[in-house]
Amino acid sequence: MLVLLGLVALLPAHPARADNPIIQTVYTADPAPLVHNGRVYLYTGHDEDGSTWFTMKEWRVWSSADMVNWTDHGSPLSLTTFSWAKSDAWAGQTIYRNGQFYWYVPTTNRATGRMAIGVAVSDSPTGPFRDALGRPLIENGEIDPTVFIDDDGQAYLYWGNPRLWYVKLNADMTSYSGSATQIPLTTAGFGTRTGDANRPTLFEEGPWVYKRNGLYYLVFAAKCCSEFIAYSTAPGPTGPWTYRGTIMPTQGGSFTNHAGIVDYQGGSYFFYHNGALPGGGGFTRSVAVEKFTYGSGGTIPTINMTASGAPQVGTLNPYVRQEAETIAWESGVETEPSSEGGMNVGWIENGDSIKVKGVAFGAGARTFAARVASASSGGRLELRLDGVNGPSAGTCTVPGTGGWQTWTTVSCPVSGATGTRDLYLKFTGGSGYLFNMNWWQFG
């Protein structure tokens, strides 16, 4: 369990106000954002607790409408999804086409012992995903696929470490035309590395390709180790590439980094990972995000890691059902699959809390309801405003229900919850685990 007392590598003056890293319940890495139907979906890897290598068994999905409150959708894709996969659920990316979501991931092929790229497909951005082919899509021992669909409908899959490759995907997104083409790694295209005769350019791994205002971008993890994030641009999807410089310098407590960039609601966002959570490091990483503005001619500015993260887009509506696993910042809790579908928050102990940022109460809330379960004697759910020990807006008593997945709904009166405030769900009670929570809603 990650019991969060604040950031380690990026310690803010007020830990409760920090919003980076954006996920605190588990270690996450290799962010791949996708904007779909007014939400940002974030596809990540999952570093196992206490890892001393890139020990990764599954991929995870999160989503947000406001860039600060992130909903946990669990793990809809894992090594077991691919009957041919042995290990290494490493960095992938998801793209939407033809009413379906295609998730390209690298993993070790059991039959060959080499890294191969598989593709999984789903009708939903949150899965579940299934193996589209029953075999690797492509295999040459290299990793880190990124996928891009050009304006003319042609899709490209890029990947590579130590080299850089692409194929032209067919419209079905699960096959390709021709053979893999190696992109020339020139110093003009990818910068100059010194001290390694085998790697004359800065390109290391983790390519991220996209197009904006007619310019093609190739963002990548540069040099090793520790890595920084750099980028190149080109007039076309296959080059020729021109090195444009550093985006995010080496920093952050992890010797790797991995970037994803999207535009959302009029802003531009840079996702990355670091080692900023307690116990964090190069094999226990965490995803974070920064907002940025492109310069003239489409240049990307230097972006530094912060503990504050991106500003909120809009507000959160408390008068519709909100999943308990929608979190801006948490202390002590974890998530798990719920018997009622989706995920629930669990492993709640006395003093744990969840922060939900920018909640628009308007003229004022009068009631609060939550879906809860407890195999113990329950506890109390305190509603606090603007801080974990801030003004109380109400307290709900949670009884024992006879099981951790035996659900009931509790409610309590609310006062003082007006305007737009940060909401803290503070959990109190006796010793041991108190209760689980599936969702909440104000009236």
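The bond joins distant parts of the chain, 16 residues apart: Cys396 lies in strand β30 and Cys412 in strand β31 (residues 403-413). A disulfide is here a pair of cysteine sulfur atoms within 2.5 Å.

This is a predicted model, in which local features need pLDDT of at least 70 and side-chain atom pairs count only at pLDDT 80 or more, while totals for chains, interfaces and linings use all residues. Residues are numbered from 1 along each chain as its sequence is written, and side-chain values use heavy atoms, with hydrogens and water left out.

| Disulfide | Distance between sulfur atoms |
|---|---|
| Cys224 and Cys225 | 1.6 Å |
| Cys396 and Cys412 | 2.1 Å |

Both Cys396 and Cys412 are buried. Cys224, at 32% relative accessibility, is partly exposed, whereas Cys225, at 52%, is exposed. Buried means under 20% relative accessible area, exposed over 50%, and partly exposed in between (1.4 Å probe, protein chains only).

Strand β30 also belongs to an open sheet of five strands, ordered β24-β27-β32-β29-β30 with antiparallel pairing. Its edge strands, β24 (329-331) and β30 (392-398), each pair on one side only. Strands are DSSP runs (E, at least two residues), numbered from the N terminus, and two of them pair if DSSP finds at least two bridges between them. β24 pairs with β27 (residues 353-362) in the antiparallel sense over three bridges. Trp329 stands opposite Lys355 in β27.

Definitions and conventions. Helix = DSSP H or I, 4+ residues; strand = E, 2+ residues; numbered from the N terminus.
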